[in-house]
Amino acid sequence: MVPPLDPRLPAAVAWDDEGPAVLLLDQRALPEATRILRIRSVEELCSAISGLAVRGAPALGVAGAYGIALAERTGQDPDAAARLLLATRPTAVNLRLGVEHALGAPDPLEAAHRFLAE
């Protein structure tokens, strides 16, 4: 039996409507500290992914989907954003799945929220 998640723990990846921004639990700081990164551009997200602030297949997938949503919300070209994101971890299957899921959607943010829920 898997114990329930502690609601006090931050999500590994989340969306901040006020930014718009992607919020990342910086996994490099764990377990000593809990540090949340507020990512406001696709380039920042790529740096966080490359720098291993985001780890684990599910988190990479959600980060990729939110990266496309961030591009769309900030006026960046989603196709160019997809290329940048995929170049950060070319063999990460879930990253590719998240990017493609949001890239092909009429509303990338809604698609990213669905991807997270799935």
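Author: Let's start with the overall layout and then turn to single residues. This is a predicted model: local features need pLDDT of at least 70, side-chain atom pairs count only at pLDDT 80 or more, and totals for chains, interfaces and linings use all residues. Residues are numbered from 1 along each chain as its sequence is written, and side-chain values use heavy atoms, with hydrogens and water left out.

Reader: Which order do the elements of the protein chain run in, from the N terminus on?

Author: Helices (H or I, at least four residues) and strands (E, at least two) are DSSP runs, numbered from the N terminus. Here there are five helices and three strands, in the order β-β-β-α-α-α-α-α.

Reader: What part of the protein chain is buried?

Author: Buried means under 20% relative accessible area, exposed over 50%, and partly exposed in between (1.4 Å probe, protein chains only). Of the 118 residues in this chain, 42% are buried.

Reader: Which residues of helix 4 are buried?

Author: In helix 4 (residues 93–103), they are Leu95, Gly98, Val99 and Ala102. They sit on the same side of the helix because they cover an arc of only 95° around the axis; the arc is that of the directions from the helix axis to the C-beta atoms. These buried residues pack against helix 1 (42–50), helix 2 (57–73), helix 3 (78–88) and helix 5 (108–117).

Reader: And Asp26, is that buried or exposed?

Author: Asp26 is buried, at a relative accessible area of 1%. You'll find Asp26 in the loop between strand 2 (21–25) and strand 3 (36–39). A polar contact is a pair of N or O atoms within 3.5 Å; within protein, one must be able to donate a hydrogen and the other to accept it, and residues adjacent in sequence count only if both atoms are side-chain atoms. The side chain of Asp26 has one with the side chain of Arg28, at 2.8 Å. Contact, in turn, means heavy atoms within 4.5 Å. Leaving aside neighbours within four places in sequence, Asp26 is in contact with Arg35, Leu37 and Ala53.
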